[in-house]
Amino acid sequence: MAPVKIYGFPRSQHVRKTLAVAHHLGIPVEIVECRPMDQVLKDANPAARMPAMDDNGFKLAESNAIMIWLAGKKPNDLYPDDPERRAEVNQWLLWEAAHWAPSYGAVQFERIVKGMLNLGPPNEAVVALSLEKFAREAAYLNGHLKGREFLVGKSATLADISAACGLTHAKSMDLPLADYPEIVAWNERVKGMEGMKKTAV
């Protein structure tokens, strides 16, 4: 069977999510490197957002949806069969997309993307507002992790990969992770997974 094609820029934390799951499960993948303005991405996902996936003709977009699809290809512990545990994983995947990623999105744009695109210096007022949102979500995550090694159950799941990949560029964003020791310790545990090590940037 042909490898699963993943379209996107491997340094993107959202692309990394899908690649980390594939590597963890030993699913062959072909990375089609592209950026949002590239036609090859638009052909794979008309919304021109990455990542996009083509699994032998079945096309799918949105990183967390792709992660779930990949987890369905092999028996694994990343997406539990138990309905309650799976519901909890889904809860964290939805939180990541709706709250976690948006909380630092403006910081990433101001402190990383603008420099890459020569759009001038960061707007620190925008950064400050974004960091307020980040503080709320980080406090929530930090509190949940007290007494836990992972977000759901006793081993890493898609939820951990999804949320931890969001911290891929935390140093470049200068996120105040030192204020959240539970997150720092958890992030190190997740980074130790083989799929995460193979996709480190």
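A crossing of two helices is called left-handed if the near helix is turned anticlockwise from the far one by less than a right angle, and right-handed if clockwise. Helices here are DSSP runs of H or I with at least four residues, and strands are runs of E with at least two, numbered from the N terminus.

Colleagues, the model before you is predicted: local features need pLDDT of at least 70, side-chain atom pairs count only at pLDDT 80 or more, and totals for chains, interfaces and linings use all residues. Residues are numbered from 1 along each chain as its sequence is written, and side-chain values use heavy atoms, with hydrogens and water left out.

I begin with the overall chain. The protein chain has nine helices and four strands, and from the N terminus its elements follow the order β-α-β-α-β-β-α-α-α-α-α-α-α. Along the principal axes, the C-alpha atoms fill a box of roughly 50 × 45 × 25 Å. Of the 201 residues, 45% are buried (under 20% relative accessible area, with a 1.4 Å probe and protein chains only).

I turn now to one helix pair. The axes of H1 (residues 13-25) and H6 (residues 158-165), lines fitted to C-alpha atoms over the stretch in contact, come within 8 Å and cross at roughly 150°, on a scale from 0 to 180 degrees between N-to-C directions. H1 and H6 are therefore roughly antiparallel (over 145 degrees). H1 passes H6 in a right-handed crossing. Which residues make the contact, meaning heavy atoms within 4.5 Å? From H1 they are Gln13, Arg16, Lys17, Ala20 and Val21, and from H6 they are Leu158, Ile161, Ser162 and Cys165.

Note on methods
Parallel < 35°, antiparallel > 145°, perpendicular 65-115°, else oblique. Contact = heavy atoms within 4.5 Å. Buried < 20%, exposed > 50% of the residue type's maximum accessible area, 1.4 Å probe, protein only.
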